Amino acid sequence: MANDDSRPLTLRDVSEASGVSEMTVSRVLRNRGDVSDATREKVLEAARSLGYVPNKIAGALASQRVNLVAVIIPSLSNMVFPEVLTGINQVLEGTDLQAVVGVTDYTPEKEERVLYEMLSWRPSGVIIAGLEHTDSSRAMMQAAGIPVVEIMDVDGTPVDCMVGISHRRAGREMAKAILKAGYQRIGFMGTKMPLDHRARKRFEGFTEALAKGGVEVADQEFYSGGSALVKGREMTHAMLERTPDLDFLYYSNDMIGAGGLLYLLEKGTDIPAEIGLAGFNGVDLLDGLPKQLATMDACRLDVGKTAAQIIATRVADGDAAEYQSHVELTPTIAFGDTLKRK
C-alpha cells in the first residue's frame, strides 16, 4: 500500500490502513498508553508498509523539545572521537533519544555557530567536547534550560556537568614514568596546541612534573595540522637532526608518535634502550605496529557512555534525577615496547 499523491502521509492514513482509531495509532507510535500487542503490531505494520514517519516537530511544538541530543566535537578525522560517539550511541539506542553530530574543526567561532544552529532545534540535551568556549557559547548553554555535558576534560569549571580525564594529571603521570625509567634528555612534539586545550594541558602537566624532577624539555615542536603519520616522521627526523642526544620523545597523540616510531625503526634505532617513545590516546592503530608504542588511554568509550547516561537520566526523570555532575575517569599508562619499566 502506498500514498498515491504528493501530500504527506498522516495518522489518518495509518488509521485507515490498520483499521484502528487515530488516537490508538498515536499512542502506538509515541509508545504511550496501554495497547495490546496485536493492535500495536497491526499499527506498526501499516506504518511500515505505507512508509509513514511521525512528525516529531509537531510533537515538539507541544513539548518545546525534540528527542535529539546535540553532540558537538572538534573533528571526525581524529581517531579519538568516533569511539566517543560509539559510547554515546550505545546508551542512547536504548532510549527515545537520537544523537545529532556537529563538527567545529577546533575553532571557537565555528563551535559557536554550530551550537546556535543546534540549539535552535530545541534538543533535549547537549554533549560538547572541552571546557573552553566563547562567552556567547557559554551563555547559550546556560540559558538553554537543558542538560549540558562537557566531555573529555575535567580541568576547569563546567556550565552544568563534565565527564573526562584530567589532562594535566595525564601529562604529570607520563613525565613521572619517563623520569623513573631513567630518561633525561626529552623532546616533545605536539599538534594543534593553540586550539587543542587538552593537548596544551597535558604539556603543562608534563613540564611541571619534569621540573620537579630537575629536568627541562630539551627540544619541542608544535604544528597546526592534523594528527598524521607523515607529520610524525617529519617532526621526528627534524628534531633528532637538531638535537641528536635526545633519549626520549613524547608526542601529544598516538598518530604522530606512530610516525616517529616507524621512522626510527627504519633507521635501526634501538628502542627503548637508545631512545624511548610515548604517545597519548591508546588508539587501536597501535596494535598493528611492529613495536607497541607506549601510550595512555583517554577512556573515550566510557566518556561517551557516561555523558549519554547523564543526559538520558536527566531527560527521563527531570531535575529530580540523581546523577554525578562531575565525573573524572582515570587513564592508565600502557608501557608497550617503547618505555622502559624501572
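Student: Let's start with S15. Leaving aside neighbours within four places in sequence, which residues is S15 in contact with?

Tutor: Keep in mind that this is a predicted model. S15 is part of helix 1, which covers residues 11–18. Once the neighbours within four places in sequence are set aside, the contacts of S15 are V20, S21, E22 and V25.

Student: Is S15 buried or exposed?

Tutor: Buried means under 20% relative accessible area. S15 has a relative accessibility of 12%, so this residue counts as buried.

Student: E22 came up among those contacts. Which residue does the side chain of E22 meet in a salt bridge?

Tutor: Look from helix 2 (residues 22–29), where E22 sits, to a partner in helix 1, 10 residues apart. The N to O distance in this salt bridge is 3.4 Å, and the partner of E22 is R12.

Student: How do E22 and R12 count, as buried, partly exposed or exposed?

Tutor: The cut-offs are under 20% for buried and over 50% for exposed, with partly exposed in between. E22 has 34% relative accessibility, so E22 is partly exposed. R12 comes out at 51%, so R12 counts as exposed.

Student: How many salt bridges does the structure hold?

Tutor: The bridge between E22 and R12 is one example. Another joins K110 and D105. For the structure, the count is 19.

Student: What is the distance between the closest N and O atoms of K110 and D105?

Tutor: Both partners are partly exposed: K110 has 27% relative accessibility, and D105 has a relative accessible area of 41%. They form a salt bridge whose closest N and O atoms are apart by 2.7 Å.

Student: Which residues are linked with E41 in a network of salt bridges?

Tutor: Begin with E41, which is partly exposed at 42% relative accessible area. Its side chain meets that of R48 in a salt bridge of 2.8 Å, N to O. The network that includes E41 also has E45 and R48.

Student: Are F188 and F206 buried or exposed?

Tutor: For F206 the relative accessibility is 0%, so F206 belongs with the buried residues. F188 and F206 are both buried.

Student: Why does the pair of F206 and Y250 count as tilted?

Tutor: Planes under 30 degrees apart would be stacked and planes over 60 would be edge-to-face, with the rest tilted. The ring centres of F206 and Y250 are 4.4 Å apart and the planes are at 35°, so this pair is tilted.

Student: Where does Y250 lie?

Tutor: Y250 is buried, with 1% relative accessible area. Its pair with F206 in helix 9 ties together parts 44 residues apart in sequence, and Y250 itself lies in strand 8 (residues 248–251).

Student: Which residue lies over the face of F280?

Tutor: Here a charge sits over a ring. At 3.8 Å from the ring centre of F280, the residue over its face is R202.

Student: Which residues make the nonpolar surface patch?

Tutor: One member is in the loop between strand 1 (68–73) and helix 5 (80–92), namely M79. M79 is partly exposed, with 36% relative accessible area. The patch is about 210 Å² and is made by M79, L229 and L285.

Student: Last one: how far apart are the C-alpha atoms of E112 and S136?

Tutor: E112 is in helix 6 (residues 108–119), and its contacts beyond four places in sequence include S136. Along the chain E112 and S136 are 24 residues apart, while their C-alpha atoms are separated by 7.1 Å.

Terms used:
Residues are numbered from 1 along each chain as its sequence is written. This is a predicted model: local features need pLDDT of at least 70, side-chain atom pairs count only at pLDDT 80 or more; totals for chains, interfaces and linings use all residues. Side-chain values use heavy atoms; hydrogens and water are left out. Helices (H or I, at least four residues) and strands (E, at least two) are DSSP runs, numbered from the N terminus. Buried means under 20% relative accessible area, exposed over 50%, partly exposed in between (1.4 Å probe, protein chains only). Contact means heavy atoms within 4.5 Å. A salt bridge is a side-chain nitrogen of Lys or Arg within 4 Å of a carboxyl oxygen of Asp or Glu. Rings of Phe, Tyr and Trp (its six-membered ring) pair if their centres lie within 6.5 Å; planes under 30 degrees apart count as stacked, over 60 as edge-to-face and the rest as tilted. A charge sits over a ring if NZ of Lys or CZ of Arg is within 6 Å of the ring centre and within 35 degrees of the ring normal. Patches are made of residues with over 30% relative accessible area and no salt bridge: like charges are joined within 9 Å, nonpolar side chains (Val, Leu, Ile, Met, Phe, Trp, Tyr) within 5 Å. Accessible areas come from the Shrake-Rupley method with a 1.4 Å probe; for residues, only the protein chains shown count as cover.
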